[in-house]
Amino acid sequence: MPCWGFAAAEFWNAKPAADWTPDEIQEMITKSPWAKAAAVSFTGGFGGAVAPRMTRGGNVRGGRGTPTAGPPLGDVKQEFKALVRWDSSLPIRDALHLRPSNAIEKFYVLAVTGDLPMIGRRTDDDPAAEDRTVEMLKQYSHLDRKGDPIYLEDALTSPANYPGGPATLFYFSRGDSILPGDKQITFSTKFGPYEIKAKFTLKEMLYHGKLEL
């Protein structure tokens, strides 16, 4: 791995997570190498797919439950904001006090938060729409690395008590390794007629000397 370093001012490498201040924690989860404001653009189409909801039970989806679909957004164009956060990375887990899990060992987990109506949306609509919704999200959700995308394995709505707040969680297999030589990773997805993209620079994502994703 190339020897990348951070300036001493980067608090996450300068002191233990237990010593981070509330302001530093907020910075870590909202404006850091692992948490980026996304570009949200209106593209039209894909209007019937929304964020899946999480119900009790479930199986692999990390034991987190089964997603179902909500109603379509409609045709009104609005301005929205979104943030993409790398919740499987150790610094974010340290900031949010997320416990290790089998899902984190198997998947890169990215959380999308924001004011888009579909993000983190929980509904009680027809569970039969579940597979269609997830398949649509799989079609439009990927991590791009030098033209070699990693495709979505699953998507779930965060639990009500999730430390990171309401979010839609995207799961990408760690079997498709991301290496320092990939240099940059771009996350892309669509919620209804809105496309969300966020770019992450790998050389910035060192945590105590290790690339953390």
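User: How many residues lie between β8 and β9 in their hairpin?
Analyst: Two residues separate β8 from β9 in that hairpin, and Gly-192 in the turn has a positive phi of about 55 degrees. Strands and helices here are DSSP runs numbered from the N terminus, a strand (E) having at least two residues and a helix (H or I) at least four. Please note that this is a predicted model, in which local features need pLDDT of at least 70 and side-chain atom pairs count only at pLDDT 80 or more, while totals for chains, interfaces and linings use all residues. Residues are numbered from 1 along each chain as its sequence is written, and side-chain values use heavy atoms, with hydrogens and water left out.

User: In which sense do β8 and β9 pair?
Analyst: They pair in the antiparallel sense over eight bridges, with β8 covering residues 184-191. Pairing requires that DSSP find at least two bridges between two strands. Within this pairing, Ile-185 has Phe-200 of β9 as its bridge partner.

User: And what about strand β2 and β9, how many bridges there?
Analyst: Four bridges join β2 (residues 39-42) to β9, again in the antiparallel sense. One of the residues involved is Val-40, whose bridge partner in β9 is Ile-196.

User: Which side chains of β9 point to the buried face?
Analyst: Over residues 194-201, Tyr-194, Ile-196, Ala-198 and Phe-200 point to one face and are buried. Buried means under 20% relative accessible area, exposed means over 50%, and partly exposed lies in between (1.4 Å probe, protein chains only). In a regular strand, side chains alternate between the two faces of the sheet.

User: Back to Val-40: what does it contact?
Analyst: Apart from neighbours within four places in sequence, Val-40 is in contact with Phe-80, Lys-81, Ala-82, Leu-116, Tyr-194, Glu-195 and Ile-196. A contact means heavy atoms within 4.5 Å. Val-40 counts as partly exposed because its relative accessibility is 24%. Val-40 and Phe-191 are 151 residues apart in sequence, yet their C-alpha atoms are 9.8 Å apart in space.

User: New topic: where is Ser-141?
Analyst: Ser-141 sits in the loop between α5 (130-140) and β5 (142-144). Its relative accessibility is 0%, so Ser-141 counts as buried.

User: Which side chain does Ser-141 join in a polar contact?
Analyst: The side chains of Ser-141 and Thr-189 are joined at 2.5 Å. The Ser-141 side chain also reaches the backbone oxygen of Leu-137 at 2.6 Å. A polar contact is a pair of N or O atoms within 3.5 Å; within protein, one must be able to donate a hydrogen and the other to accept it, and residues adjacent in sequence count only if both atoms are side-chain atoms. Beyond four places in sequence, Ser-141 touches residues including Tyr-151, Phe-170 and Ser-188.

User: And Arg-145, buried or exposed?
Analyst: Arg-145 is buried, because its relative accessible area is 9%. This residue lies in the loop between β5 and β6 (150-157). The side chain of Arg-145 reaches the backbone oxygen of Ser-177 at 2.4 Å. Among its contacts beyond four places in sequence are Asp-176, Asp-182 and Ile-185.

User: What is the phi of Lys-183?
Analyst: Lys-183 has a positive phi of about 65 degrees although it is not a glycine. Most residues other than glycine have a negative phi. Lys-183 lies in the loop between β7 (168-173) and β8, and Lys-183 counts as exposed because its relative accessibility is 57%.
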